[in-house]
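Let's take a friendly walk through this model, one question at a time. Have a look at the structure first.

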Amino acid sequence: MARLTIEDLKRIKEEYKSTLTLREGGSRAKVTVHMGTCGIAAGARKVMEALLDEIKKSEVKDVIVTTSGCAGLCSKEPMATVEIINEAPVKYVQLNEEKIRKIFQEHVLNGKIVEGFALVMGSETAY
Amino acid sequence: MEDISLHILDVVENSVDAGARRIEILLAEDASADLLLLEIKDDGKGMDEETIRLVTDPFFTTKTVRRIGLGLPFLKQAAEECSGGFSISSEKGRGTTVSASFKRSHIDRKPLGDVGATMMVLIAGNPDIDFLFHYRRDDYDYKLDTREIRDELDGVPMNSPEVLKALRKDIDKGLGAEENQMEETHG
């Protein structure tokens with residue numbers, strides 16, 4: 001007993017098509033929220049919801065959100081990876097709604113990595 | 001996991017990993033039988049008998065990054081803690097069905113939680129997978145099939161904010177969220 005009517009869907013289709021030109025450039029950024037058992041138990045769903053809310057509010061059309069499984073760092077969950085086109089991916093750890101909103105505003109929209117929340121910066125090997 | 005909606009999210013992620021193209025989620029509340037039933041059915045790659053036997057062992061996982069897998073053991077535990085049951089059936093190459101039942105009025109039965117949020121996150125994260133969400137409460141019946149909606153939308157991605165918003169509204173209404181919470185508090 002779906003309450004969504006054909007008219008609702010038609011309206012959505014029209015709205016979408018009217019902004020289509022804005023979307024033709026393809027995606028500029030991808031955010032992956034880690035949604036394994038550990039991530040979910042630590043609050044990954046709230047993080048993802050906050051992220052979807054930011055995207056809706058900012059009306060950006062070129063950011064993809066997706067989910068992945070456990071990355072092996074369960075104690076650092078919730079985690080998310082931000083990939084800006086032509087830039088190295090950045091993993092953020094121990095997130096909450098506020099942190100992901102800040103990451104979205106600063107990193108995804110303005111290209112500035114939020115160093116305080118990132119897993120690691122710079123080289124992984126010590127010489 | 002705090003509530004059943006988070007278990008749903010977790011177990012459906014297994015289906016996603018198994019390459020499912022269509023995932024059917026049934027949530028049924030039956031007051032007269034005092035039963036809550038959850039069934040998740042996918043058309044993913046399935047499991048052989050040996051694997052089915054092992055999946056509820058916390059020290060079995062298909063992950064390569066860790067040697068522990070708690071998703072299904074957690075759901076089994078949640079069901080068994082409130083006089084419920086748990087079962088898995090699967091066929092290699094055909095898909096898997098996970099079922100959990102709960103004694104609805106049991107003091108330890110976890111609340112449903114925000115099922116709308118779970119569906120939203122699943123659809124947003126996997127826009128190309130078809131989801132059927134089916135909710136039954138006694139004689140009341142609600143179904144949301146994203147395949148039907150996708151056909152009507154004619155190329156508009158399922159994860160575009162306009163679609164997600166409409167879906168969320170529909171699911172929340174379909175679940176009768178407020179009504180349900182009242183019942184859980186008072187009943």
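Q: How much space lies in the second largest pocket?
A: This is a predicted model, where local features need pLDDT of at least 70, side-chain atom pairs count only at pLDDT 80 or more, and totals for chains, interfaces and linings use all residues. Residues are numbered from 1 along each chain as its sequence is written, chains are lettered from A and ligands numbered from 1 in the order in which they are written, and side-chain values use heavy atoms, leaving out hydrogens and water. A pocket here is an open set of points on a 1 Å grid over the protein atoms alone, where a 1.4 Å probe fits, with protein on both sides within 12 Å along at least five of seven lines; grid points are joined across faces, edges and corners, and the volume is the space filled by probe spheres set on the points. For the second largest pocket, that comes to about 680 Å³.

Q: Which element gives the largest share of the lining of the second largest pocket?
A: The lining (residues with an atom within 4 Å of a point) holds 28 residues, with Leu52(A) and Ser160(B) among those nearest the centre. Helices (H or I, at least four residues) and strands (E, at least two) are DSSP runs, numbered from the N terminus. Both chains contribute elements with at least two residues each, including strand 2 (63–68) of chain A and helix 6 (161–175) of chain B. The largest share, five residues, comes from helix 4 of chain A.

Q: What gives the most to the lining of the largest pocket?
A: This pocket has a volume of about 820 Å³ and is lined by 35 residues, with Asn14(B) and Leu72(B) among those nearest its centre. Helix 3 (37–42) of chain A is one of the elements that supply at least two residues. The top contributor, with six residues, is helix 1 of chain B.

Q: Which strands are the edge strands of the sheet in chain B?
A: Six strands form an open, mixed sheet in the order 3-4-2-1-5-6, where two strands pair if DSSP finds at least two bridges between them. The strands that pair on one side only are strand 3 (85–91) and strand 6 (140–145).

Q: Which residue is the bridge partner of Leu27(B) in strand 5 of chain B?
A: Strand 1 (residues 22–30) and strand 5 (residues 130–137) of chain B run parallel, joined by eight bridges. Across from Leu27(B), the partner in strand 5 is Tyr135(B).
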